[in-house]
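Subject: Structure handover

Hello,

Here is the structure I promised to pass on. Please open it next to this email; my notes follow below.

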Amino acid sequence: MTSSSVTSLSVLTGFIFTIGITFVATQADARAFFVFGDSLVDNGNNNYLLTTARADAPPYGIDYPTRRPTGRFSNGLNIPDLISQHLGSEATLPYLSPELTGQKLLVGANFASAGIGILNDTGIQFVNIIRIPLQLAYFQQYQQRLRALVGSSQAKRIVNQALVLITLGGNDFVNNYYLVPYSARSRQYSLEDYVPFLISEYKKILMRLYKLGARRVIVTGTGPMGCVPAELAQHSRNGECAAELQRAASLFNPQLTQLINQLNNEIGTTIFIAANTNMMHSDFVDNPTAFGFETSKIACCGQGPYNGIGLCTPLSNLCPNRDLYVFWDPFHPSEKANKLIVQQIIGGSTQYMHPMNLSTILALDSKA
């Protein structure tokens, strides 16, 4: 090899090496995103588990870019996907995905698992799911992997500057307290006592997240649980929402906002942001046509009254236009409904996002 060839090779190698460093730096400078919670935000962790709480068969994913099921409980994109788009990032990978290695770790991770709740006895019928203590343990494990990739100080900075989303609570009612008549928890607590118990347990989870380095955490409330097609199918005669679950939501959500105010006051700065997803969802449940929907009572995919019985499967009824339906399946919003929710997360007033919306968070943090 001539000396000029060696020089050219050295320059080329240096150029490639520089690109590699730049890529790592760019990824590290982008805001990481971490997601915890249940099926509303699960990006496919349960695909890797032996559980019935999975969305790994058609028609799930029918409107996803790949047109294939991904483990998201949606016809297309879910709330974390849409937030990632707003951040200018690729979607967070499920933590259990073998693809979550190397530079992908810099994007963040999704630890959510369908069926889980605030309480460890929630979703026991689903057996093998990633309950919240394990999600938080995986977050610790993730940080160890991140430190190995970028070093301790950079890893700490990435975690501290990350955006975090956590969605819990709905299953503690639907798949615990009200799962069966005379459930163990309903015999142990009246609803008025059960809600403060949930809030006290949620406080421990949020403080654990804080101690693990989370500094900007969006905490969603429950939606209007009594209005989902699964509950209408069981409890509704004329399309009215199930009163008891609506009462549960009306008790839980204000107390969750109070908790968030309390935690921020105790810490001395705004760490936790309350997303009033109950109001966001109720807007188009109560007045679907104002948002371009035909119905907020019938699921696009399902069977039985309101398409609310059982699971969404390849044999289920399937609507031709998912954008006309608030609910994709008996429990979960359609992609279009998710987009409306995320619009409010990004730019909603303090009625919807307390004490500030995501746009304000990003603007404030860009000046820090």
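How many helices and strands does the secondary structure of the protein chain come to? There are twelve helices and eight strands. Both are DSSP runs, numbered from the N terminus: helices are H or I with at least four residues, strands are E with at least two.

A word on the source. This is a predicted model, where local features need pLDDT of at least 70 and side-chain atom pairs count only at pLDDT 80 or more, while totals for chains, interfaces and linings use all residues. Residues are numbered from 1 along each chain as its sequence is written, and side-chain values use heavy atoms, with hydrogens and water left out.

Overall size

The C-alpha atoms of the protein chain fill a box of roughly 85 × 50 × 40 Å along the principal axes.

Six strands make an open, mixed sheet in the order E2-E1-E3-E4-E5-E8. Two strands pair if DSSP finds at least two bridges between them. Strands E2 (108-110) and E8 (353-354) are the edges; each has a single partner strand, so one side of each lacks a neighbour in the sheet. E1 (residues 33-37) and E3 (residues 163-167) pair in the parallel sense over five bridges. Gly-37 stands opposite Thr-167 in E3.

Helix H7 (residues 191-211) packs on this sheet. H7 touches E1, E3, E4 (217-220) and E5 (272-275), and its direction makes about 160° with that of E3. Contact means heavy atoms within 4.5 Å. Axes are lines fitted to C-alpha atoms, for helices over the stretch in contact, and angles run from 0 to 180 degrees between N-to-C directions.

H7 and H9

H7 also packs against helix H9 (residues 243-267), at an angle of about 40° and with the axes 9 Å apart. Leu-198 and Tyr-202 are among the H7 residues in the contact, and H9 brings residues including Leu-251 and Phe-252. The contact divides into 16 nonpolar, two polar and five charged residues. Nonpolar here covers Ala, Val, Leu, Ile, Met, Phe, Trp, Tyr, Cys and Pro; Asp, Glu, Lys and Arg are charged; the others, Gly among them, are polar.

Best wishes
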